Amino acid sequence: MTDTQKDEDTSAYLTGNLLIAMPQMRDDRFTRSVVYVCAHTSDGAMGLVINKIVESVSFPELLDQLNIDSGSKNQEIRVHFGGPVETGRGFVLHSADYVQDATLVIDDSVALTATVDILKSIADGDGPEKSILALGYAGWAPGQLDQEIQANGWLSVPADNNLVFGVDPDSKWEKAMGKIGIDFNMLSGDAGHA
């Protein structure tokens, strides 16, 4: 397969984009959520919810559970609910200035690492410049995400680093809606067809 054919085959996929839950999202786990799509192929999709905080665990507590010394450079890191799949597993969505053998480089500026080594690096102050620590992930079977988008469950918008890493989680949903020029107060919760 040539690079051109490969680009054409993947052009409809949403890797590196944000999914914004529509107001009528009925799944409580995804109500008003913003999901960064880490991978989307014909085999399915995987992403991380980037705007929901897990209040029941802190980064220092997580490091203690994993027997990782937090060092003296411990910064305030909030633990996110990444999604309902494998909620005991940690994922770090981060800037691409940090890459290990196990890192999935998503694009020029964003990568994903799911190893304990990145947590050690963050605790030591040697981790990526920007990061989101998430427990669990959102996963879709082949064609499932496409069906949910067609059923008006999600909007898609290109991701930007400020929206992913720089905006307070509590306002990401509104900011993401605003990025595509939608006043979420004007959206109907009813799906329809013309």
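Me: Leaving aside its neighbours within four places in sequence, which residues is Asn 51 in contact with?
Reply: In this predicted model, Asn 51 touches Arg 32, Ser 33, Val 34, His 80, Pro 169, Lys 172 and Trp 173.

Me: Where does Asn 51 lie?
Reply: Asn 51 is in the loop that runs between strand S3 (44–49) and helix H2 (59–65).

Me: Buried or exposed?
Reply: Asn 51 is buried, because its relative accessible area is 8% and the cut-off for buried is under 20%.

Me: And which backbone atoms lie 2.9 Å from a polar atom of its side chain?
Reply: One is the backbone oxygen of Arg 32, at 2.9 Å. Another is the backbone nitrogen of Val 34, also at 2.9 Å.

Me: Switching to pockets, how much space lies in the largest one?
Reply: About 300 Å³. It is lined by 18 residues, and those closest to the centre are Glu 76, His 80, Ser 131, Ile 132 and Phe 165.

Me: What's the lining like by class?
Reply: Eight residues are nonpolar, four are polar and six are charged.

Me: OK, helix H3 next. Which of its residues are buried?
Reply: H3 covers residues 116–124, and Ile 118, Leu 119, Ser 121, Ile 122 and Ala 123 are buried there.

Me: What covers them?
Reply: The cover includes H2, strand S5 (85–95), strand S7 (110–113) and S8.

Technical notes:
Residues numbered from 1 in each chain as written. Predicted model: local features only at pLDDT ≥ 70, side-chain atom pairs only at ≥ 80, totals over all residues. Heavy atoms only, no water. 1 Å grid on protein atoms, 1.4 Å probe; cavity = no way out; pocket = protein on both sides within 12 Å on 5 of 7 lines; lining within 4 Å. Points joined across faces, edges and corners; volume = space filled by probe spheres on them. Nonpolar A, V, L, I, M, F, W, Y, C, P; charged D, E, K, R; others polar. Helix = DSSP H or I, 4+ residues; strand = E, 2+ residues; numbered from the N terminus. Buried < 20%, exposed > 50% of the residue type's maximum accessible area, 1.4 Å probe, protein only. Polar contact = N/O pair within 3.5 Å; in protein donor to acceptor, adjacent residues only side chain to side chain. Contact = heavy atoms within 4.5 Å.
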